[in-house]
Amino acid sequence: MRILIIHNYYQDLGGEDIVFQQEVAELRREHEVFTLIFKNRKGVKGLFQFLLSPWNVFAARKVQRKIAEVNADIVHFHNTQYACGPLAIRHAKKAGKIVVMSLHNFRLLCPSATLFYKNTLFTDSIHRKFPWLAIEKNVLDNSKIKTLWTALSYWIHRRIGTWNLIDRYFVLAEFSRQLFISSTLPVDSDKFVVKPNFVDMTSTIQSKERGKHFLYVGRLSPEKGITNLLQAIAGTDIQLKIAGTGPQTEEVKSMAIKNPNLDYLGMMDKSQIIDELKFCKGLIVPSVCYEGGVPLTIIEAFATCTPVIASNIGAIPDVIIENETGFLFDPHKADTIIHAITQANSTPTAVLAGMSLKALDLYQQSYTPDIVIRKLTAEYEMLIKDKS
């Protein structure tokens, strides 16, 4: 197959960018893959991209030229915000191509993209034809202008049918699929299919002897629930190592200094994180927002035979099965956080070993590069066959 993959990089490298890079690399093993990349800029250029985002004819023509150049069978969009813009989708479809899109977040439903605002879930936009309350609350970067302009951009393309031109949407979990098909988004429900992210861990599955501490890996920001977690266990005998950076870095550092049971490791590369996962007693994922799918850190934990103690919201309970692959808690209730971690601490070694094997089996059955890419290409082939 000839596949054109289009992606709009954020100003700072994020998870969506990494997923795009990984999928391109894996698909290139067996297919002809071409890429077209946009990047959000800062300053005047960034403002220009933002203002053009609802109807960026320059980016759309660039997409049109690339499609003509490579003559791909499939045009696959990842992120389009802001530099690319949704008009490019219409040009791809006008060129007679099969068009698919990966949904890494919930921006098609709400300007927030995360369905999270001021430390709590914000789901009002899901069932609105226009997100008035989101605009009133400035849910995107606490900016009225950014929220309004983004809302208008996506609403315009709802009205003219752009989103229903997509032949297939790839969502990261069944929870997300249900959220999209139950929303006011005017798209046929059968266009949404689940295709999770993957991690390549084939050479690092074996585990070391486990320590007595737990591990947090991720962005240090409100939606990830790191503050709730630290406040719950501060001053206890629960040992926690914390890896990552973000807007709450200084707050986390301060708490680690004051509490000897907390150890802040800073930013770590993938190999360092894998080593930490192999050695910890369990990974703690305290998210207070709806993750777009199963977080990559959970998949990495499964691949290293590491049990997971995690929030009971969103897509996470689909894979964290109590006493089988981990333990669940309410991220807003300190007593349930403590209880879940205590459960993990008190579980006999033989039982934990069985949970570790179940976690590994789940990784091998659902989240390896081979499994996920075969699912993706099967969807491509089905669409090509239906068109012919």
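Me: What makes T297, I298, I299, E300, A301, F302 and A303 in α11 count as buried?
Reply: Buried means under 20% relative accessible area, with exposed over 50% and partly exposed in between (1.4 Å probe, protein chains only). In α11, T297, I298, I299, E300, A301, F302 and A303 are buried. This is a predicted model, where local features need pLDDT of at least 70 and side-chain atom pairs count only at pLDDT 80 or more, while totals for chains, interfaces and linings use all residues. Residues are numbered from 1 along each chain as its sequence is written, and side-chain values use heavy atoms, leaving out hydrogens and water.

Me: Why is helix α11 called mostly covered?
Reply: Helix α11 spans residues 296-303, and seven of its eight residues are buried. Helices (H or I, at least four residues) and strands (E, at least two) are DSSP runs, numbered from the N terminus. The cover over its buried residues includes β9 (214-217), α10 (270-279), β12 (282-285), β13 (308-311) and α13 (349-366).

Me: Why does I284 count as buried?
Reply: Its relative accessibility is 1%, so I284 counts as buried. I284 lies in strand β12, one of the elements covering α11.

Me: Which residues does I284 touch, not counting those up to four places away in sequence?
Reply: They are F214, L215, Y216, L229, L240, I309, F329 and I341; contact means heavy atoms within 4.5 Å.

Me: And why is K39 called partly exposed?
Reply: K39 has 32% relative accessibility, so K39 counts as partly exposed. You will find K39 in strand β2 (residues 32-39).
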